[in-house]
Every structure is written in structure tokens, then in C-alpha cells.
Amino acid sequence: MLVVTDLAGNSEVLTDINGVEVNEEVNGDFSISFTSFFTERNAHSYPLAQEEATVELEGHEYRIKKMDEIRNRKTVHARHIFFDLIDNQIYTINGGTKTVDEFFTIALEGTSWTFENVDVMGSKLIPNFGEDNTLSLIRLICQVFECEVKIDPNRHLKIYKEIGEDNDEQFRYKHNIKTLKKSVDTSKLATVIKGYGGDGLEVTYTSPNVSIYGERHAEPVRDERFTLAESLLERCKQELIDVPEVSIELEVTQLGFNAGLGDKVWTIYEPMNIEFQQRILARKWFPFTNRRPVVTLSNKKKTFSDLLTETRIEINENKKQTRSKFEQTNERINMEVEAIGGEFQSVRSQLEIQAGQISSKVEQRDYNGNTITSLITQDAYSISFLAQQLNLQGLVTFTNLETPGQTVIDGGNLKTNSVAAEKFYGNIFNVGNGVTSTNLKLTTSDSDVHQIISNQAMGFLIASSGSMRLRSNSGNGIYTSGGPFVMESGMRVDGGVADFNVHVDANSLNAGSITLGGLNVATQNWVANLIPSDPVSWYNTYNIRRGGAGIKFLYGSSTVQARNYWDDAYGTFEGLAYSNVSRREEKKHIELFNKYALPLIIDTPVYSYLYNSDLDSEPKRVGLIYDEAPMEIMQFSGGIDVYSMASLMWKAIQELYYELNLIKGAA
């Protein structure tokens with residue numbers, strides 16, 4: 001019985017119909033077509049068959065999408081209302097590592113559809129899942145999990161790893177089969193395929209059909225996720241098309257057994273003396289008639305997703321005893337990796353990102369149930385550490401946003417603006433480190449004496465590479481008790497009078513005036529050389545030279561050069577890393593670089609050479625010639641901008657990636 005329901009909800013049974021045909025495909029079309037005639041018996045229901053009305057047959061509902069009306073006859077084509085799910089939009093993102101049930105629950109939210117997972121196991125990663133219509137999301141799930149959906153009556157879906165049964169049935173072409181339509185395609189036929197995995201893994205699979213067709217090489221499989229030869233070989237077998245792709249349309253009764261959608265059938269194809277397995281990928285039946293159903297058999301390969309392989313491969317890969325999980329919503333992103341076995345019962349790492357907070361945790365549990373955890377939590381105001389031990393390597397800097405300055409821990413050295421403590425222990429205390437107005441303050445709450453005491457035989461040393469001042473309050477002095485005040489390199493007093501009440505022993509004494517016993521003994525000009533004898537030279541530039549190298553500051557320029565000591569050749573800068581300033585706020589006139597990078601790179605030759613200052617015995621260098629380099633990486637000073645050069649190569653990689661995707665799409 002065919003029931004039609006219009007948009008107003010009026011329902012009637014359609015009579016006087018002809019040519020009813022239902023077509024169903026695996027993960028494809030599901031539709032009905034028929035012709036309705038306007039007759040006296042059909043006058044009450046004929047007008048209801050209009051665009052967007054629904055037609056119900058055996059619990060399945062179809063929506064009329066195409067209709068041709070000629071006089072008193074309508075030819076109707078309606079697709080299953082499953083495809084109406086394209087109009088249901090999921091506005092949130094809920095990606096990550098989930099089961100097929102979890103993804104279908106999200107995709108069907110807000111609909112009247114139910115689902116049942118028959119045999120699809122495991123979890124898969126789908127990033128950014130959501131913000132699309134339900135039909136597109138279901139197709140994405142089927143692609144990722146390599147599963148198939150069977151549409152059942154009453155708006156119910158069944159999810160299979162593969163629809164249909166494998167009953168080991170067979171037919172022989174032109175023996176027990178009368179073919180209605182046949183199609184054979186050998187354009188993709190190959191017999192040899194190579195696979196390249198991670199850690200240099202390489203495998204080769206040769207089909208037994210090489211004896212029939214000869215050695216024909218397919219495109220290799222390249223996937224670094226595979227580290228086991230057995231798994232990669234299985235993937236290669238699945239990718240290889242080593243038999244002709246044959247599609248045969250025939251009546252069901254000619255098979256000699258029941259044929260359901262997705263069922264597998266062995267086919268003996270004698271024109272090429274081969275035997276292969278086909279599936280029933282489409283089924284067409286004709287209600288209200290005695291006409292036999294027609295099925296389409298085909299052995300075409302399924303298309304693999306970039307993320308997945310077959311279940312049997314995943315089982316082998318799971319021997320690594322490592323599980324990873326990724327969850328993504330509009331509010332947070334959570335990533336987790338867990339390893340099982342080994343020295344500990346389990347080790348787990350977790351990273352969670354929220355709008356206002358980032359948390360990372362590493363946890364390990366031994367076989368006695370003991371758990372050790374370290375946790376780092378960061379928000380806009382603070383970073384919190386929870387760990388049994390905190391190891392900091394390299395240069396560590398603390399900057400306080402409330403008090404100007406910073407504290408730096410560099411190996412065994414502590415550099416800071418101020419330190420408050422009851423006691424200090426150490427070999428060396430450095431105060432200042434190049435800043436101005438540095439003070440070492442000793443403070444108590446009473447009028448007690450502040451003391452700096454040394455118990456070493458060599459005594460106590462205060463040294464300064466520049467000037468050093470000792471100052472006391474007005475009316476007080478600076479005293480030495482129990483020993484003389486000795487200055488080995490001389491004494492100078494600026495802006496005041498030096499009054500020596502003790503013996504003065506010096507190689508030279510320079511002063512504006514010298515008075516002995518109240519009498520003016522000598523007057524001379526003050527002589528002081530502020531530039532050290534080791535060359536720090538001013539020409540049109542400023543050079544600092546030490547050892548065999550120098551640093552040259554170009555006059556009137558922001559350029560700093562590494563030179564040799566004699567300033568007749570360039571030198572070398574060495575360090576752990578070089579960082580280009582690249583923050584957006586440091587730049588202007590920002591726009592996308594739309595030139596093609598590959599031609600710039602391809603057209604620029606690369607040379608090996610020696611600099612004029614290099615020895616002939618030294619290894620040759622490799623690089624570009626400034627005069628032949630693209631203008632985009634030139635420095636007007638005569639050098640090449642390495643950061644621009646790296647960015648140009650970055651752009652070229654993007655272009656190669658785009659072209660690779662075009663090739664994949666074409667394939």
C-alpha cells in the first residue's frame with residue numbers, strides 16, 4: 001500500500017499507479033519512482049501527490065523531489081527522507097577521539113531518528129566534528145570508521161562494518177547467469193605495490209595474478225604511522241586492484257539463492273580465467289508486480305580515508321600498548337596519551353586547553369597502586385606547579401609585573417634587583433650586573449651595627465671595574481680598625497678634599513691641589529684616560545676587539561657585524577639559537593605573500609665556494625650569490641635575509657602540499 005501525505009498533513013492511499021520501482025544502494029541512493037493516474041477512484045488522493053509531499057511504503061517514507069505532470073498523469077521520483085537530514089544543522093563542535101555511537105549521537109541530535117550499532121568497534125579521531133548538516137556528518141563518520149549505514153523502516157539506522165553476508169555462494173559467467181548489463185574496467189589493474197612506513201620500513205607485495213597480467217606497478221603506499229611490516233603489507237594488499245573491476249546487473253532469481261544488499265558472491269569470469277569476489281552494491285525491486293528484483297554485482301574497491309585502514313590492521317598496531325585520546329568542544333580541547341605495561345602499570349599524559357586556562361598533567365602508577373603526579377596549571381594571572389621535584393635547566397627568568405625588574409637564575413648564579421633574607425651563604429654575591437644606582441642595603445629595626453665579616457686569612461675584598469664609593473652620613477666617617485687603609489693603584493678624590501692623617505705611599509698622585517701641613521705644595525691638571533689601552537676604537541664605527549674577533553657597530557646604522565680582530569674579514573656568530581622578532585605589533589603593511597615561491601627557488605642556482613678570507617684547505621661552503629638571489633630575500637647591506645629565505649621555503653612547501661592534494665583528488 002502506497003500512502004501519500006501532503007504538507008498540510010492530509011493522507012490518502014494512492015490507487016491507479018503504475019511502474020513502481022524502488023532503488024537502494026550501499027551508502028548511496030534510496031529512492032522510489034512511480035506514475036500516478038487521475039481517475040475516478042484516485043480523485044481523492046491524486047491531488048495530494050505534489051512537490052515535498054511524502055510517500056510511505058512498508059514503513060519507509062520518501063519525499064517527492066521531482067515530478068512531471070502531463071494531462072492526467074504524474075511521473076513521480078521521491079528520495080528517502082533520510083536525505084532530509086541535510087536540512088538539520090549541528091552548530092557546535094564536539095570533535096576528538098570517540099566511538100561511532102558517540103559520533104552518531106552528536107550527528108542525530110535534534111532529529112527523530114534512532115540508530116543501532118551492529119558491529120563497528122573501537123574509537124577514532126575526528127577533529128573539528130560539527131558545524132555542518134547531519135547528512136554530511138554521517139558521511140564523514142562512515143568515511144572515518146569505514147562503515148556502512150542500512151536505512152530501516154520507521155526512521156531507524158543500523159551501522160555495520162560491512163552490510164550483507166558472505167555465504168560463499170558463486171556463479172559462473174554465461175553458465176548459470178543471464179546478464180542484463182555488464183561493465184568491465186581494467187584501467188586501474190596492477191600486480192605489484194610497494195609500501196613505505198615509519199623508521200625506514202619498506203615492503204613489497206606481488207599479486208598471484210602477476211602470472212596472468214605481468215608485472216604492473218601501482219602507486220606506492222606512504223604512511224609513517226605503520227611501523228610493523230605485517231600491517232603495512234596488509235594495507236598494500238587492500239590498496240592493490242589486481243583483478244578487473246567488473247559490474248554486472250542481473251535478476252535475483254538467476255543467482256539461485258537469496259540475495260540481500262551488500263551480500264558477497266564469488267564470480268568465475270572465464271574470459272580472463274580468473275575468480276574473484278563481488279558484492280551486491282545495489283538492489284532494485286518492483287512492488288505490486290510479479291517482476292523479479294534486479295541486483296548489481298561489483299568488485300570495486302572501497303575508498304580509503306587518509307586517517308584509517310581496515311580493522312585487522314588496527315588490531316596489529318594496538319600491540320604497541322599505547323592509547324591516545326583527543327576531545328574537542330567549543331569550550332575546551334583535551335589530549336591524552338596512555339601507555340600500559342613496562343616498568344609501571346600505566347603512564348598517562350594529559351593536556352587540557354580552555355579559554356582561560358591550560359593544564360598539563362603526567363601521572364604514573366606502579367603495580368602496588370602508588371601514583372606519582374606532576375601538574376602545571378596556567379591562567380592569565382599565574383602559573384602553578386605541583387611536582388615532587390622541579391628541575392630547571394638553562395636560563396630561568398622571573399619577571400614581576402608589580403615591581404619593576406626581574407630575577408634571573410643562570411646555572412649557579414642568581415641575578416635580581418633586591419633580596420630579603422635573614423642569612424646568605426655562598427662563595428660569590430654579585431650586586432648590580434650592569435644596571436645603574438645599585439644598592440646593597442643592610443637594615444635592622446634597632447641602632448645596632450651592621451657587619452660584613454670574613455674569616456679567611458686573605459681578608460675581605462670589594463672590587464669594581466669602574467668607580468667605587470664609600471659614603472657615610474654627614475658628621476660621621478669611614479674608619480678602618482686594627483689595620484691600614486691601603487690602595488694599591490692610587491687614590492683619587494672628586495669634588496672635595498682628601499685629608500690624609502697617615503702615611504701616603506703611592507707611585508703617582510694626581511690632584512687639582514696637594515696640601516701638606518696646611519701649605520699648598522703642588523697644582524696640576526687632572527689626567528685620566530677613560531678609554532682602555534686594549535683597542536676600543538672610534539672611526540666612523542665603534543669596534544670592540546677581544547681575542548681574535550671583534551664586534552663592529554656601523555656608524556649611523558642599526559647593523560652590527562662580526563669581524564676578525566684586524567677588521568679585514570667577516571667573523572662568525574655562534575649560539576644555541578637565533579630568533580627573529582616576528583610579533584604582529586612589531587610590523588606594519590602586513591599582507592599575504594601571493595607570489596609563487598617555487599619558481600623563485602627553482603630559478604635561483606646554488607653554489608659551493610670559499611670566502612676570500614677562507615683557507616684553501618677548508619671545506620667549501622654552500623649558498624647563493626647575492627647578485628643572483630631573489631629580491632625578496634636580499635638585504636640592502638649586501639647580505640641575504642635568512643628568515644625571509646626560510647619563510648619563502650615555508651611558502652613553497654605549502655604550494656607543494658596543495659599540488660599533492662590536487663593529485664590525490666585526481667587519483
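Gly-195 stands opposite Val-203 in strand 18. Strands here are DSSP E runs of at least two residues, and helices are H or I runs of at least four, both numbered from the N terminus. This is a predicted model: local features need pLDDT of at least 70, side-chain atom pairs count only at pLDDT 80 or more, and totals for chains, interfaces and linings use all residues. Residues are numbered from 1 along each chain as its sequence is written, and side-chain values use heavy atoms, without hydrogens and water.

**Sheet**
- Strand 17 (residues 192-196) pairs with strand 18 in the antiparallel sense over five bridges; pairing takes at least two DSSP bridges.
- The open sheet has three strands in the order 18-17-19, with mixed pairing.
- Strand 18 (202-206) and strand 19 (221-222) are the edges; each has a single partner strand, so one side of each lacks a neighbour in the sheet.

**Cores**
- The largest nonpolar core has 45 residues. Such a core joins buried Ala, Val, Leu, Ile, Met, Phe, Trp, Tyr and Cys residues through side-chain atoms within 4.5 Å.
- Those with the most contacts inside it are Ile-32, Phe-82, Phe-104, Ile-138 and Leu-157.
- Helix 2 (residues 134-145) gives the largest share of this core, seven residues.
- Another core, of ten residues, lies apart from it and includes Val-203 and Leu-240.

**Helix 1**
- In helix 1 (residues 100-107), Val-100, Phe-103, Phe-104, Ile-106 and Ala-107 are buried, meaning under 20% relative accessible area with a 1.4 Å probe, protein chains only.
- They sit on the same side of helix 1, because they cover an arc of only 160° around the axis, taken from the directions from the helix axis to the C-beta atoms.

Definitions and conventions:
Buried < 20%, exposed > 50% of the residue type's maximum accessible area, 1.4 Å probe, protein only.
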